[in-house]
Amino acid sequence: MNKQSLHENHIYKIVELAGQGLWLGTNKGLSFFNFHDETFTSYQHIHENLNIPVISLKLMTSGDLAIGTENGLYIYSAVRNSAGRFEGSVKKILDGVVNGIELYKDLMWVATKECVYSYDEKSNKLQDICDEEFLQYIDNERITTLEVKFDNIWIGTISGLIRYDITKDNFEKYTHQKDNPNSLTADWVQTMDFDSNGNLWIGTIDGLTVYNFYDDTFFQYKRKTFNIEGLVSNDILSLFVDNNNLIWLGTYGSGLDIFNTEETLFKRLISKSDVATYNISNSIFSMVKDQEDFLWLTTYGGNIIKLDMMTGNISRPVIDILGESYADTDFSQALNIDTQNRLWIGTNKGINIIDLNTESEVSLKLYRNEIPVDFRDMVETIYFDHSNQLWIGTMEGGAFQLTPIISLQNELSYEIKNLNPELPYIYRDLPLQIKSILETRDGNLWFGSLNGLLMYSKAQEKWFHFENQPNNPQSISNSEILTIFEDSRGILWVGTSNGLNKVNRDNEEEIYFDRITKEDGLPNNVIYSILEDEAKQLWLSTNLGIVKFSSFTETMKSFRANDGLSSDEFNLFSSYIDEYGILYFGSINGVTVIDPTVKRKSAQGRKLMLTNVVVGNNNINVYPLNESDLPELIKTQDDAVIKISVANLYYRSLNLPQYRYRVLGLDDNWIYLNKDRTITFAGLQEGEYFIDVQSRVGDSPWSEASLRIKLNVHFDFFYSRSFVYLVLLLIMCIFLTAIYWVRKYYENKIHRYQGLVKVEGIRLKEAKKQNSALKVELENKLDEIGLMSAQISDTALKLQSHQFRDGLSGFYRYQNIARMLGNHKEENIKINLILIFHLSDLKVIEQELGKIAGAEIISHIAIQLRQKCPSNVHICALDDESFIILGYSTRDNQLVETLTNLRKKLLYSKIPVANDRRVQININITYLEIYEDEIKNIVLLNNIADAVIYIHQHESDKSLSNIIRIELAQMVDTLQDVDMTNQIEHFVENHIISINHIE
């Protein structure tokens, strides 16, 4: 093997040996480029016929290398380090010029000058696709190269590119079209390869073309496009895309070139295929990037999409988060993100808010003079000024100022103020469509509308209105204001539908405009958006491409779709610059991303800037900090935490920088944050610190230009630790002194009283002796009194219990009830039922089983009576074996029936008594029930009750029946004055109509 530099500058084919190097087919045979030592090795020796041009190469699954030459197909074995001619029954067909070799679905596809073949090694069969239709596309022009992917065969010829769809069995041809950037750079296709994104890179005799398979679009690269940093030659004989998407180009006469597609000035995002899943448009109207580096965009039709800048994934989380409150929205044009990472969305029905930290909806409540307002205007723009004041521009309602009232996690309340009544009188009658809002450095507010430019001067508290005046060349070029921008030098620029305007505002009373239009070099007069890059160059999006405008020399350069833009036509409101200095412009065909630093700035020299600073609960304005060479922050004792967020103004594809920092004065070692951009400090001691921050992309060196921040931590003396310690020491001294004097005072007082105690002690001893004798005698008397009191209490309790209540049933005794009721003669009562419940054989049971058995029976029956009778029924113990029940059956329906049923239940059940025995008891009932009348006073109740008791005592002994019903001979009221004294028999004979034995 001959190790040397590349022995031939004509490179026809390149393939990669994974992790080791590149196989190169050249005009003088086979060569190998080693990645590790960056040397070239010639392999002409491996076969006597391989010193001829090698046109095509392919690594086989076995590890062997297929080599296509002008003299047939060869196979190189790395194990044997030798090559042999391809063997097989079809080798004669493949003995000619082999311009392409590919492996696809267990087949080897081979292209000769005239045809394309598929070879099945297992069956040793060869099949061609060279039918009449194919030959018609070839048109007798020879085949130059071959690629097979996505069930399509891509055939390069000297007259264009042919695509054969294997599944559909049809052909399609692509050619060069003059002045059409969406075509091949030339018809003569010399080489092709696919990258990891599915793009087909095509090398022709006049440049490089990339074909997007999904969008069916071409994009051209030529040497003139990139000058010294682009292609070294337009005559590309071979190309290969490695795993890092670097394109290795073999050129005619200029050797090997490496083309990095990631380092181009323009990049394109959001193609039609990217949003095809959601069936939405890729025409972008507004965009903004959140604190997590996700890009949020609105598209035509009111859709909002989220782009992950790390992975390129697209999603639509807004629909899931907002649900019904967003479902019927058909217009979303305004987007903005506040300092709390909340996404503000302006729609045709007002404003929606999403907390991106929690991915939840935030409720917005608006008030005017403390009265709730239902805000449903179509919102065109949402703007936060330098003090974080919120301003809203609408389609028809004009401009609004929103002042925060209360801010909760899931709810925001604002006081809304319509600015229309304050506008100049001449402007109020015009359509109030506000398209753009800006606060300039002097604090003035500018509003762009369809009817001119408005300025509010805070110093004068006055409104100014500017509109186009046809006869005044120093008036604004057009009254339809599309965008307003203030550059880093404080110059105000206004884009209109008829040119760019530079605002001369040295004197607020004499503001005039310098116009810049197509006559001055603009490709189109419609200026949609204005952004500024780090080099102080302005970038303008128009209806015919993008313009880079130098505000210093007022020179410009235009870019069109054939320069890499996503489209020639861009959209209103659709621009954004992120913290890395990357510019985004939305067009009718996705987003154009511009990295102005690619061609003029190395990664090591990039600048870091502050994007967000929070000291305690205060958000610090980073604008003046970034203008300072040494930003300075101050922390006091009230500020618990400091949060510092930085950004690296450098962009490389979708890769994000890494960060590290150190704190001089605390710890000189670097602390690595990876991709986190926020530094948090808490618990810093009083003193002065310097914070250095650096960044890098990938494995590149750390930036040379560190961001240094000065941090002063100081406390007020009265809130400092020294003051606290001094106060604590003073308090301790006062406390110890007070203790000393209090102790001294009480010691003297104790000594004085000790003398008095000794004197009184002697007197007390004598008195004590006398008291001791009296105490003994008194204690004896108290014991006797206590014993007597206990006996009296026990006796009284027994008397009281026996006097009023029956000891077994717990019911009041009837005699006591009658006496107590007799003391209230004037009290009205309502009773129409008097019933006696008599246990007729209780005495017999007590004689046989004992008093305890009788007591258990009485207790059992008393419980049953309580359960069955309503609470307003009076149950009394008549004697040891009878109960008398007083009730009002007119109110308590079926009371008699309830008691007779209880009797029957008890007759047929056995009551458990002592010694596990059960007995039956016979029960007699005697009752008087008065219908349609009632007993209303105590005297009459006593009379009638005594009569019922009398009848029961006499009739129950003679009757064989156990239930006796008594009826009165006359109305109850007539018995009011009957004297019952010693005349109960007479009462019964004269006033009882009947005594019925019903059972």
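This is a predicted model: local features need pLDDT of at least 70, side-chain atom pairs count only at pLDDT 80 or more; totals for chains, interfaces and linings use all residues.

Reader: OK, where do R743 and E747 lie?

Author: Both are in helix 7 (residues 721–804), four residues apart, about one turn of the helix. Helices here are DSSP runs of H or I with at least four residues, strands are runs of E with at least two, and numbering starts at the N terminus.

Reader: Is R743 buried or exposed?

Author: R743 is exposed, because its relative accessible area is 58%. E747 has 31%, so E747 counts as partly exposed. The cut-offs are under 20% for buried and over 50% for exposed, with partly exposed in between (1.4 Å probe, protein chains only).

Reader: How many salt bridges does the structure hold?

Author: There are 22. One of them joins K417 and E422, with the closest N and O atoms 2.7 Å apart. K289, D293 and D578 are linked in a salt-bridge network.

Reader: What about E509, which residue does it form a salt bridge with?

Author: With K462, and the closest N and O atoms are 3.9 Å apart. E509 sits in the loop between strand 45 (499–504) and strand 46 (512–516), and K462 in strand 42 (residues 462–466), so the pair ties together parts 47 residues apart in sequence.

Reader: Switching topic: what is R489 in contact with?

Author: Apart from neighbours within four places in sequence, R489 contacts R441, S551 and F552, where contact means heavy atoms within 4.5 Å. R489 belongs to the loop between strand 43 (481–486) and strand 44 (492–496). The C-alpha atoms of R489 and S551 are 9.6 Å apart, though 62 residues separate them along the chain.

Reader: Last one: which residues form the negative surface patch?

Author: D128, D131, E132, E133 and D169. Patch residues have over 30% relative accessible area and no salt bridge, with like charges joined within 9 Å and nonpolar side chains (Val, Leu, Ile, Met, Phe, Trp, Tyr) within 5 Å. D128 is part of strand 13 (residues 125–128).

Methods:
Residues are numbered from 1 along each chain as its sequence is written. Side-chain values use heavy atoms; hydrogens and water are left out. Accessible areas come from the Shrake-Rupley method with a 1.4 Å probe; for residues, only the protein chains shown count as cover. A salt bridge is a side-chain nitrogen of Lys or Arg within 4 Å of a carboxyl oxygen of Asp or Glu. Lys and Arg count as positive and Asp and Glu as negative; His and the chain ends are not counted. The place of a charge is taken as NZ of Lys, CZ of Arg, CG of Asp or CD of Glu.
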